[in-house]
Amino acid sequence: MKKKCDIVLIDSGINRKHEKLVGANMEGDTFKYDFGNDKAILSEEGFDDLNGHGTAVFYLLHKLCKGAKIYTIKLDDEELDSFLLQRALEYIYKEIDCFYIHLSIGVEYCDNVEELEAVCNQLSEKGVTIISAFSNLGCISYPAVFDSVIGVDEDRESRYINEYDFYDNCIVNVRIASTSLYVPWGTGGVVKVAGTSFSTPFITAKLYNDLGKTGSNLKCVKDKLRKDA
């Protein structure tokens, strides 16, 4: 039986014991690469965050997307691997019914561009909206650059986190303020952060709160973002 949720978060997992997340509903899995058999597999090790990043992103989504059921997929790798990301998206396509996929992560070097884009296209055609942050380095990153993905970049001159610009005919769909935020970190405590990773949840939250729990085609999503920009 397929898993059902509103938003799938792909990141480094969650620190489920963090005091700032008490009472939050947390479900998830870990996806890792089995090098011996050359395939990606689900791990039975839980989805605890050893990095910190995923906990912060989950916290923002949990706070901003009121009532959303969020399912976390932890990518168990020291450095994000494009092939592992591809396999995780393929798993979501086959095994999870959701409305949104949130990625505050991406890769700059991608050897499987066509395959990664193909699964993003399949998910989009299914009515799943993928929201992905661009790299803070100011370079092209995947999957944010794909036409079937809402790619979010930062606007370092703006300080208004609830305002954004929308772009047609551009690899960047949305540019939003890179405002400093205080968030719980997976390794403990609260830290001050900024960057596309932490601005992008505001776009996912806008779509979730405005469009609700419905699968919307990409044109409707872009029309809504354009209208309210």
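Where is the place of Ala144? This residue is the first stop of the tour, which concerns a predicted model.

**Stop 1: Ala144**

Please select Ala144, in the loop between β8 (129-133) and β9 (149-155). Ala144 has a relative accessible area of 0% and is therefore buried, the cut-off being under 20%. Although Phe134 and Ala144 stand 10 residues apart along the chain, their C-alpha atoms are separated by 5.7 Å. Then display the surroundings of Ala144: with its neighbours within four places in sequence left aside, Ala144 is in contact with Ser132, Ala133, Phe134, Val149, Gly151 and Ile171.

**Stop 2: the sheet**

Next, switch to a cartoon view and select the strands of the open sheet. Nine strands form this sheet, in the order β4-β3-β5-β2-β7-β8-β9-β11-β10, and their pairing is mixed. The edges are β4 (39-43) and β10 (164-166), each of which pairs on one side only. From one strand to the next, the twist averages 25 degrees.

Within this sheet, select β2 (residues 7-11) together with β5 (residues 70-75). These two strands run parallel and are joined by five bridges. As a point of reference, select Val8, which stands opposite Tyr71 in β5.

**Stop 3: helix α2**

Select residues 82-95, which make up helix α2. Helix α2 lies across β2, β3 (27-34), β4, β5 and β7 (100-103), and runs at about 135 degrees to β3.

**Stop 4: helices α1 and α4**

Select helix α1 (residues 53-64) and helix α4 (residues 196-211). How are two packed helices described? By the angle between their axes and the distance between the axes. Here the axes come within 9 Å and cross at roughly 30 degrees. Because angles under 35 degrees count as roughly parallel, α1 and α4 are roughly parallel to each other. Their crossing is right-handed.

Display the side chains between them. On the α1 side, the contact is made by His53, Ala56, Val57, Leu60, Leu61 and Leu64. These meet Ser197, Phe198, Pro201, Phe202, Thr204, Ala205 and Asn209 in α4. Of the residues in this contact, nine are nonpolar, four are polar and none is charged.

**Stop 5: Thr179**

Finally, select Thr179. Is Thr179 buried or exposed? Its relative accessible area is 17%, so Thr179 is buried. Thr179 lies in the loop between β11 (174-177) and β12 (181-184). Not counting residues up to four places away in sequence, Thr179 touches Arg159, Ile161, Val193, Ala194 and Ser199.

Definitions and conventions: Residues numbered from 1 in each chain as written. Predicted model: local features only at pLDDT ≥ 70, side-chain atom pairs only at ≥ 80, totals over all residues. Heavy atoms only, no water. Axes fitted to C-alpha atoms, helices over the stretch in contact; angles between N-to-C directions. Helix = DSSP H or I, 4+ residues; strand = E, 2+ residues; numbered from the N terminus. Parallel < 35°, antiparallel > 145°, perpendicular 65-115°, else oblique. Left-handed = near helix turned anticlockwise from the far one by under 90°. Contact = heavy atoms within 4.5 Å. Nonpolar A, V, L, I, M, F, W, Y, C, P; charged D, E, K, R; others polar. Buried < 20%, exposed > 50% of the residue type's maximum accessible area, 1.4 Å probe, protein only. Pairing = 2+ DSSP bridges.
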